[in-house]
Amino acid sequence: MKQGKRKINIVIIIVGAFGLFLLTVFINHRIQTTRESELLLPLGDLVEVDGHNMSVYSEGTGETTLVFMSGSGTCSPILDFKSLYSLLSDDYKIVVVEKFGYGFSDVVNGPRDIDTILRQTRAAIQRAGHNGPYILCPHSMSGIEALYWAQQYPDEVEAIIGLDMAVPQYYDAMNIRIPVMKIGQYAAALGITRLIPGVSESDAIKYGTLTDEEKAIYRAVFYSRTATATMIEEAKSIKGNADVVNLGGVPPVPMLLFISDGSGGTGFDMETWRQIPKDYLSMAQNGKFIELDCPHYVHDYEYERISKEMKSFLDTFE
């Protein structure tokens, strides 16, 4: 009888200690979040879309407009692409759109079907004063949105430059781990992510050209935009969205695809990762690819080479 009570007491102590630990971590998270508020002033324009704020950043004054579109879970698209677009803004107008749930845009609940996502992206860019036609520069999952944009509004899309972008066929075999994303969401909400060494050190921070201040901003955004509810709903919808785009066929716009070695979280081996977009381009009217020996966030590693190749490709439109 005494032994049973002792076990119960031990369990109560363990549960209480764990609860106290979580409470301490959460309080620290709230304190740090308050301190970081000065770092979270929007870097671009906030425009109203569907009653919420979406963030659109721009720089440069060129006649050709490059629209950068981030991959799934990229917490700070504006800073993530900076190492690359800073090499292009002397010649082109740069626009970075942050979808709901990303960067300085609001976290919202609601459907993330491809029509809704594209409608919101187009509305945000146009309300920020940037009219087409555009050169779309999608990374990873946003390749699906870029392809759909070219299918639905071909007059608005001059070309697509894919930064290791996704094509529909990737999602036939890809395992979307929603439970893992939910764990990340809870960990971020409680502040547990602050205890994990290096978790906020993105490829842009480690390998790009961000200043110390920009790195601090990126980390602050990370702690407020990790596995948001909007991101998770988007991930839940991606296979259906890819099916819709697949049914639309390959859009008849010029394409230049930069392809990574598949490392950095794609879940594919190098040969498979590289072959899928090559097969896709074989059905395109005007497409080429460039293989890069670097991980998935190619623009954080090979920004100098990519910028040169982009300029050479874009020269053909002048």
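Buried here means under 20% relative accessible area, exposed means over 50%, and partly exposed lies in between, using a 1.4 Å probe and protein chains only. A word on what you're looking at: this is a predicted model, where local features need pLDDT of at least 70 and side-chain atom pairs count only at pLDDT 80 or more, while totals for chains, interfaces and linings use all residues. Residues are numbered from 1 along each chain as its sequence is written, and side-chain values use heavy atoms, with hydrogens and water left out.

Now select the whole of α11, residues 303-314. Its 12 residues reach 16 Å from first C-alpha to last, close to the 16 Å expected at 1.5 Å a residue (the expected span is 1.5 Å times one less than the number of residues). Helices here are DSSP runs of H or I with at least four residues, strands are runs of E with at least two, and both are numbered from the N terminus.

Which residues of α11 are buried? Colour Y303, I306, S307, M310, F313 and L314. Looking down the axis of α11, you'll find these buried residues within an arc of 125 degrees, so they line one face of the helix. The arc is that of the directions from the helix axis to the C-beta atoms. An α-helix has 3.6 residues a turn, so residues three or four places apart point the same way.

To see what the buried residues of α11 pack against, show β3 (65-69), α3 (82-85), β5 (134-138), β6 (157-163), α7 (203-207) and β7 (255-259). Contact means heavy atoms within 4.5 Å.

**Stop two: α10**

Next, select residues 270-281, which form α10. Here W273, R274, I276, P277, Y280 and L281 are buried. They cover an arc of only 155 degrees around the axis, which puts them on the same side of α10. Their cover includes α5 (142-152), β7 and β8 (287-291).

Then go to the N-terminal end of α10, capped by D269: a side-chain oxygen of D269 lies 3.2 Å from the backbone nitrogen of E271. A polar contact is a pair of N or O atoms within 3.5 Å; within protein, one must be able to donate a hydrogen and the other to accept it, and residues adjacent in sequence count only if both atoms are side-chain atoms.

Click on G73, in the loop between β3 and α2. G73 is partly exposed, at 37% relative accessible area. Leaving aside neighbours within four places in sequence, G73 is in contact with Y102 and M231. The C-alpha atoms of G73 and M231 are separated by 6.4 Å, though the two are 158 residues apart along the chain.

T74 sits in the loop between β3 and α2 (77-80). Is T74 buried or exposed? At 2% relative accessibility, T74 counts as buried. A polar atom of its side chain lies 3.3 Å from the backbone oxygen of G71. Not counting residues up to four places away in sequence, T74 touches D80, Y102, Y218, M231 and Y297.

**Last stop: zoom out**

Show the whole protein chain, with its 11 helices and 8 strands. Buried residues make up 50% of the 318 residues.
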